[in-house]
Amino acid sequence: IQGLVKLPDFNGLTGVVQSLDAEAMRYDVLLDGPAGQCGWRWVKVKGENCRLRMPPPPLTAPKLAMEYLGDGLPDEAAARLADGVVPATPQWDEDFSCQAALDAQAAANAQPLRLNALV
């Protein structure tokens, strides 16, 4: 919650939006803990006074491991993977030249389309 003028003590509190009160044009927010002198748990907040918060970090950090050792790869490539060396990303023009050759071959083998009827 942010930018409240009448109740600035609520600025910085966090909670979860539970619903929208369409008549009041405010969100019903369940606070993460009691707030204010009365120990309020529920507040109505305008959308302009709400801000998304970042989710908490995972309890365990993900691990990155190079488990693939290159089965079926040439010995040199398999050795580089085993050492943790990642191969370079192929360039677009390399892929395009292969695709262009395949397209030319497909065009040479293409059969003409014959129309038998108009609908």
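The side chains of Lys44 and Asp21 meet in a salt bridge, 3.0 Å from N to O (a side-chain nitrogen of Lys or Arg within 4 Å of a carboxyl oxygen of Asp or Glu). Lys44 lies in strand β3 and Asp21 in strand β1, so this pair ties together parts 23 residues apart in sequence. The model is predicted: local features need pLDDT of at least 70, side-chain atom pairs count only at pLDDT 80 or more, and totals for chains, interfaces and linings use all residues. Residues are numbered from 1 along each chain as its sequence is written, and side-chain values use heavy atoms, with hydrogens and water left out.

**Salt bridges**

- A search of the whole structure finds three salt bridges.
- Asp28 pairs with Lys44, with the closest N and O atoms 2.6 Å apart.
- Asp28 sits in strand β2 and Lys44 in strand β3, so this bridge ties together parts 16 residues apart in sequence.
- Strands here are DSSP runs of E, at least two residues; helices are runs of H or I, at least four; both are numbered from the N terminus.
- Arg53 bridges to Asp32, the closest N and O atoms being 2.7 Å apart.
- That pair links distant parts of the chain, with Arg53 in the loop between β3 and α1 and Asp32 in strand β2, 21 residues apart.
- Arg53 is partly exposed at 47% relative accessible area, and Asp32 is partly exposed at 42%.
- The cut-offs are under 20% relative accessible area for buried, over 50% for exposed, and partly exposed in between (1.4 Å probe, protein chains only).
- Shared partners join Asp21, Asp28 and Lys44 into one salt-bridge network.

**Around Lys44 and Asp28**

- Lys44 is partly exposed, at 46% relative accessibility.
- Asp28 is buried, with a relative accessible area of 16%.
- Leaving aside neighbours within four places in sequence, Lys44 is in contact (heavy atoms within 4.5 Å) with Asp21, Arg26, Tyr27 and Asp28.
- The C-alpha atoms of Lys44 and Arg26 are separated by 5.6 Å, and the two residues are 18 apart along the chain.
- The side chains of Asp28 and Ser19 make a polar contact of 2.8 Å.
- A polar contact is a pair of N or O atoms within 3.5 Å; within protein, one must be able to donate a hydrogen and the other to accept it, and residues adjacent in sequence count only if both atoms are side-chain atoms.
- Not counting residues up to four places away, Asp28 touches several residues, among them Val16, Gln18, Trp42 and Val43.

**Nonpolar core**

- The largest nonpolar core has seven residues: Ile1, Phe10, Val29, Leu31, Ala35, Val43 and Val45.
- Such a core is a set of buried Ala, Val, Leu, Ile, Met, Phe, Trp, Tyr and Cys residues joined through side-chain atoms within 4.5 Å.
- Strands β2 (26–35) and β3 (40–45) each supply at least two of the core residues.
- The largest share, three residues, comes from β2.
- Beyond four places in sequence, Phe10 touches Ile1, Leu4, Leu31, Ala35, Gly36, Trp40 and Val43.

**Asn49**

- Asn49 is placed in the loop between β3 and α1 (75–82).
- Asn49 counts as buried, at 10% relative accessibility.
- Asn49 touches Ile1, Gln2, Gly3 and Leu4, not counting residues up to four places away in sequence.
- Asn49 and Leu4 are 45 residues apart in sequence and 6.7 Å apart in space, C-alpha to C-alpha.
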